[in-house]
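Have the structure open as you read.

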Amino acid sequence: MLEKSEVNANLPLPPEKMPDCWNQDDRMNALFSPFRSKSANQQDWISKYKFWNDIIHAWLRHTKQCTFSLFDLNEIFKRKGCSPLCLTTVVEEMLRNKEIVSEEEFLKETNDSWTAWSLNIFIKKPLTWSYCKVKDYVVGQNVNICTSYVHLKAVKEIAEFIHSTIRNESEYILISTSEILEKCKEKESHSGITENTLKLALTWLKHHKKAAFRKSSTSDELLVKFSVQEVHNISELEEALYKLSNQENKLEREIELLEKEKVAIMDKAKVYLTKELQQAAKSHLRKKIELEKTIEKRAKTLANLRALILSIQDTHSNTGVLDAYKIGSNILMQFEEKGLTEHEVRDVMDDVNEALTNYRDVQSTLTETLPSIDFESDSDLEKELSELINEDDVCNSKVNTTSEKMELEDLEQRLKNLGVKGLPSPEKSLQKTSTPLQKKKVLVQSEDI
């Protein structure tokens, strides 16, 4: 029985990244079997394709790769000694969906120098080269078992990581591929990026105008230019500045090492003096003097080199300023051809001043105070106003008197109509009363009612 470590070593991914169904025989047997007709069970077909698509992408991300072949997949995803029988269909579907593309097609848009340089990297060195004896063995309609395919999503992820790692806030940065690999190794998450993967990622950046290449004129190394804006070709001036900067850094490191060596020699000389070994101490002092001379020479060379770099940068800057002056001069000359001359401008300004003067005169005229109209005196107006008020008071008094009179008449009429049913009238009561005193009481009572 295999130990757990041996089983995990055969997995394409770490155990925590493997799908849960990998240890389920029934499920994996179904996933390893060839695809059935999509029309028979479309949902099952899509689910099966998604499983293999996802696990291939996860494997590429884990291994920091962006290429694979059908031969690689059959070897990587073996389970209990069996290779999946469905990967041909998976690769064909990925080709149909433009998720992958052959390396040959991926590289064909590059320039001649890049193609010639990359042939040795991408064609002659890959492991699949050892299996070229089966290169004509085609599995399926479009898939060759040894053809190397570029996974576009995986190469994009690696390319964007490299671009964000190298690019800084300066106008541009020029760097060699070996330096890029060193910087990637400093990042633990992408320390496994190989030279082949780097070249493909840089090709993706070049296709999207995020990087430019130039083969070094003094070595076989490839120089790469990254920029915050759209990147074009690398100029000879940029390459020259890159070489000078590298030489400057090299001299700085040499001087630093020489200084450390001088300190060490002085420490040894002091030790020999404490031991009263004067000849040995003198020997180290002579060596120290020679080192100081060498350091002085290196320092002068470094100063000259820095002055040269500054002069080149100033010249480049002055060239840009001169080009800007030329452009500005050409534009001004075009304006003069279109009538922008001092005489024309003077005439226009005179017309503008005249128009403004006329406008101010019109505004001043419109804001003048109009002459007042003669009205009657205030005393006459007040007298007439008092008369109107008195007339209003008389009218109001008449209206009030008439209103009161009508109210009194209405009250009298209501009193006349006032009475109690079932009682005899006052006249009849008086007739029946025998005495004058009783008649008087009846009359008083009727009046009260």
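## Two crossing helices

The axes of helix α8 (residues 152-166) and helix α9 (residues 177-186) come within 11 Å and cross at roughly 95 degrees. So α8 is roughly perpendicular to α9 (angles of 65 to 115 degrees count as such). Axes are lines fitted to C-alpha atoms, for helices over the stretch in contact, and angles run from 0 to 180 degrees between N-to-C directions. Helices (H or I, at least four residues) and strands (E, at least two) are DSSP runs, numbered from the N terminus.

On α8, the contact uses F161, I162 and I166. On α9, I180, K183 and C184 take part. Contact means heavy atoms within 4.5 Å.

## The sheet

Three strands form an open sheet in the order β6-β8-β7, with antiparallel pairing. Strands pair if DSSP finds at least two bridges between them. The edge strands, β6 (172-176) and β7 (211-215), each pair on one side only. From one strand to the next, the twist averages 25 degrees.

β6 pairs with β8 (residues 222-227) in the antiparallel sense over five bridges. S176 has L223 in β8 as its bridge partner.

## Helices on the sheet

Helix α10 (residues 195-207) packs on the sheet and touches β7 and β8. Its direction makes about 120 degrees with that of β7. Helix α11 (residues 236-274) lies across β6, β7 and β8. α11 runs at about 65 degrees to β6.

## About the model

This is a predicted model: local features need pLDDT of at least 70, side-chain atom pairs count only at pLDDT 80 or more, and totals for chains, interfaces and linings use all residues. Residues are numbered from 1 along each chain as its sequence is written, and side-chain values use heavy atoms, leaving out hydrogens and water.

Technical notes:
Parallel < 35°, antiparallel > 145°, perpendicular 65-115°, else oblique.
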